[in-house]
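Please look at the sequence and the structure as I put them on the screen.

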Amino acid sequence: MNISVEIGNRIVDFPRQLKKFCESCLKWPHLTGASIPQGQTFYFCCNFPRTRNRVHRTSLPHPAIASSFPSTHNSSGCLIQALKMTAFAVVFLIGISLLGCNCRPDGAPKTACSSLTPVHSGIKPQRESSPYSVSVTKNGNKVRVRIFSSVGEEIEGFALQARSSKDRHRLVNGRFTTKDGISKTIDCLNGKENTLTQVNPTPKTEIVTEWLPSISLEEDVVFRATVAKTFAIFWTEIDSLPVRIKSDVPAQESSRSERKESKIQKMYEGCFESKGCFGTPGNCINNQDCLVLLSYTKQNDDIAFKLNGLLDNDEYMAFGLSNDPLMGDDNVFECVKRKGSLVARQSWNDGKSNVPRRELPRDSYEAAEFNGYSSCQFLSRYVTEANGKQFNLSNSTYYVLLAKGPMRNERLGYHTQRLASQQSINFTAFQRIDSETVSDAVKVHGTFMLTGWVGFVTLGMLFARHFKSAWGSNTLCGVKIWFAMHRFLMITSLVFIVIAFIVIFVHKNGWNFQTSNPHAILGCIATALGLIQPIMAIFRPAADHPKRYIFNWLHFLVGNAAHVIAIITIFFAVNLASSGLNKDFYWVMAVFVIVYLLFHLFFQVHSWSAERKKNNEVKMLDLAGRGGNAAQNGAPEKILVNEALRVIFLGIFAIFLAVILITMYALIGVA
């Protein structure tokens, strides 16, 4: 039984079992009046240059079908398809950057303790009413808390806290019970086990826990939850009804807990009034959950600096005085914890390296530990000298660099936390200091540049270098398949690169290169070389032109130079304070470069090997007197096997590239 399809003004009959006409086909966009069973898809092929609707006859089971197609030329069809492919790729990569991972698999981080708001690639909470509810049942001092959905929605992620009913920004300390494989607790805002979150993103129908207050109190408490249905869909500020808590915590235990909270709160007392304060992460002073807090105040002819923070053994917290928000030529003071004791030191940032200077005399600073917090306090004269450079704290302003990290061989290791002030600071006043955070524009710039250079350009170069013979004489959109893919990938990459370039220039208000880091200059060079490539391609001579080799060499050299410079530029981005990247990004980029070069080597060796075997077989057949026809008859099968192997490895590399990109997006903070 045949299926009749109207194409233009002609009726064409197809065998029902025909699924597609040839290997390189696209869906036919203009099927009309078709009698096609539900779910059946038909395709058209671009297997000849200068034709659109013609089918490659040798690929059809019935030659009569091919003759049924009109051969009228319509070059716009394949162009439209190419544009659709480009648009799909853009949307697909943006989708990966936004939805490239599930809810945070190991639960809410401590940075979300105050707001209970997930940082999911800039995705905002849902505005409509939540399908989830929080119910409470009191049993003595204990409160049974249940998170559920009355409409059957599942829960991938959640965070739960007890808050004061009168001031819902204030956390009420208490301990939650956990369930293996479902929930765990984290310590927020200097409490213990006072926040409940998920262990993994496995869908759950409900969350049940019990809460017991750890301090004496008599007030109304609500239980506030954030619930994520998926990575991109979540609700915040889901509150239970208030429940009256009259705690019977033993006086001794309650007193210890209250004293602990009181000491920690004193760290923040007087900030921006009687003393200056600067802490990391950003906005931690308002939330009173800083990992490192620097405070300073005037004492006669001195400035008293105090560092407070959570330190483990062989860790440091430090601040630097700098003329700019970048690392280099900075006077650094650090508090180091080693073998359970605290030591204050002074060092100097020589470029990107920290050089130890001296350990401060023990009677020149005060060191203490309380409730897991470490503190170092020392005095600095208004006018001091470090490394031959004068620092005048009374008449000059300086940027503050704040950092925390591990010690490495008695030297400051690479920081795990860092923050720079957005403006220079007058240390004789106590104005509020804004911290430098990674802007959305910088994240867009980084994401799009990585997508363009690491994603599309890398694949496009592999197609051009190693796959010119992979699909034989088959064509796509009037040209060979390798060239169609190469052109599509390179044009798409250029779209991403240009957008990223414009975004960062707008964000920076034009060119304001003020650092020794060559990232900006190299980025401009790589982008310029990338823009030259399509211009050269437009004016390239014909394939049989005697000067064509000049274009081939220039296209090869400019393209590879642009790619290499772009990869080097990405490495330099890690050292930019505005990027917010840590050293893990180095390792991800290094893995990408190594694997990329290995695949290049594999494809090249495989091509040489296949060509050598082919030539040897032809020679042996000639010597045996069997003639060229026998060689030609056996060659196609071996060629197909070799090309199929290369295509399979290309697919493996594409999967690897997707994983690398998603990892990079996560390090940037967009996934």
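How many of the 27 residues of H5 are buried? Please bear in mind that this is a predicted model. The answer is 23, and therefore helix H5 is largely enclosed by the rest of the structure.

Let me stay with this helix. From its first C-alpha to its last, H5 reaches 38 Å, close to the 39 Å expected at 1.5 Å a residue. H5 also bends, by about 30°, at Val457.

I turn now to the nonpolar core. The largest one has 54 residues, and among those with the most contacts inside it are Leu450, Trp453, Phe585 and Met664. Six helices, H5, H6, H7, H8, H9 and H10, each supply at least two residues of this core. The greatest share comes from H5, which gives 11 residues. Consider Trp453 in particular. If we leave aside its neighbours within four places in sequence, the residues in contact with Trp453 include Ile497, Ala526, Gly530, His563 and Ala566. Another core lies apart from the largest one; it has 31 residues, including Leu294, Trp348, Leu360 and Phe427.

Next, a polar contact. His600 lies in helix H9, and its side chain makes a polar contact of 2.8 Å with the side chain of His466. Beyond its neighbours within four places in sequence, His600 is also in contact with Leu462 and Arg465.

How many disulfides does a search of the whole structure find? It finds three.

One of them joins Cys113 and Cys188, with sulfur atoms 1.8 Å apart. This link is left-handed, with -70° about the S-S bond. Cys113 is in the loop between helix H2 and strand S5, and Cys188 is in the loop between strands S9 and S10, so the pair ties together parts that are 75 residues apart in sequence. Cys188 is buried, with a relative accessible area of 0%, and Cys113 counts as buried at 3%.

Cys271 and Cys277 form another disulfide, their sulfur atoms 2.0 Å apart. The torsion about its S-S bond is about -80°, so this disulfide is left-handed.

There remains the pair Cys335 and Cys376, with sulfur atoms 1.9 Å apart. Here the link is right-handed, with 45° about the S-S bond. Cys335 belongs to strand S19 and Cys376 to strand S23, and the two are 41 residues apart. Both Cys335 and Cys376 are buried.

Thank you for your attention.

Technical notes: Residues numbered from 1 in each chain as written. Predicted model: local features only at pLDDT ≥ 70, side-chain atom pairs only at ≥ 80, totals over all residues. Heavy atoms only, no water. Core = buried A, V, L, I, M, F, W, Y, C linked by side-chain atoms within 4.5 Å. Buried < 20%, exposed > 50% of the residue type's maximum accessible area, 1.4 Å probe, protein only. Helix = DSSP H or I, 4+ residues; strand = E, 2+ residues; numbered from the N terminus. Contact = heavy atoms within 4.5 Å. Polar contact = N/O pair within 3.5 Å; in protein donor to acceptor, adjacent residues only side chain to side chain. Expected span 1.5 Å × (residues − 1). Bend = angle between axes of the 7 residues up to and from the residue. Disulfide = S-S within 2.5 Å.
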